[in-house]
Amino acid sequence: MSPQSLYLVCYNKWMYYHWQDIVLTICIFVFNLALIPSVLGKSKPEVSTSIVTATFLTLTVVVYISLSLWFSATMQAINASLWTALAIQKMKQTKLKKHKR
């Protein structure tokens, strides 16, 4: 095993995971958890913020897939979905406020 690549064996001896994938997965998972109150709460970020964030997170999913960081790609796809949900929720809130006037 090279010092630059530490691999963790997972059940099957043919499946190896980069330690970076594990660390990124944990970090993104925590970000996902931190985003849940915004998704469930009444206060939402601006639509433009949510759309730009979701777009660039989706681009990082492609990068993670190209690097075979499968767990990170999955967590990042969830994160991008949460930001997309926030954008949709904010658009609905804005539309509802305009309708009530």
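1. Buried means under 20% relative accessible area, exposed means over 50%, and partly exposed lies in between, with a 1.4 Å probe and protein chains only. At 37% relative accessibility, serine 68 therefore counts as partly exposed.

2. The model is predicted: local features need pLDDT of at least 70, side-chain atom pairs count only at pLDDT 80 or more, and totals for chains, interfaces and linings use all residues. Residues are numbered from 1 along each chain as its sequence is written, and side-chain values use heavy atoms, with hydrogens and water left out.

3. On the overall layout: the chain has three helices and two strands, in the order β-β-α-α-α along the sequence. Helices (H or I, at least four residues) and strands (E, at least two) are DSSP runs, numbered from the N terminus. Of the 101 residues of the chain, 27% count as buried. Contact means heavy atoms within 4.5 Å. Among contacts in the chain with a separation of 6 or more, 66% come from residues 24 or more positions apart.

4. Serine 68 sits in the loop between α2 (47-66) and α3 (70-100). Its phi is near 60°, a positive value in a residue other than glycine. Most residues other than glycine have a negative phi.

5. Leaving aside residues up to four places away in sequence, leucine 69 touches His18, Asp21, Leu24 and Tyr64. Histidine 18 is 51 residues from leucine 69 along the chain, and their C-alpha atoms are separated by 7.5 Å.

6. Next, the helix pairs. Two packed helices are described by the angle between their axes and the distance between the axes. Axes are lines fitted to C-alpha atoms, for helices over the stretch in contact, and angles run from 0 to 180 degrees between N-to-C directions. Angles under 35 degrees count as roughly parallel, over 145 as roughly antiparallel, 65 to 115 as roughly perpendicular and the rest as oblique.

7. The axes of α2 and α3 cross at roughly 165° and come within 8 Å, so the two helices are roughly antiparallel to each other. Their crossing is left-handed, meaning that the near helix is turned anticlockwise from the far one by less than a right angle. By class, the contact of α2 with α3 has 15 nonpolar, nine polar and one charged residues. Here Ala, Val, Leu, Ile, Met, Phe, Trp, Tyr, Cys and Pro count as nonpolar, Asp, Glu, Lys and Arg as charged, and the others, Gly among them, as polar.

8. For helix α1 (residues 19-40) and α3, the axes come within 8 Å and cross at roughly 15°. α1 and α3 are therefore roughly parallel to each other, and their crossing is left-handed. The residues making this contact include Leu24, Ile28 and Phe31 of α1, and Trp70, Met75 and Leu82 of α3. By class, the contact of α1 with α3 has 14 nonpolar, eight polar and one charged residues.

9. Which helices do the buried residues of α3 pack against? They pack against α1 and α2; among these buried residues are Ser72, Met75, Asn79, Trp83 and Lys90. Isoleucine 78, also found in helix α3, is partly exposed, with a relative accessible area of 37%. Isoleucine 78 and valine 61 are 9.8 Å apart in space, C-alpha to C-alpha, and 17 residues apart in sequence.
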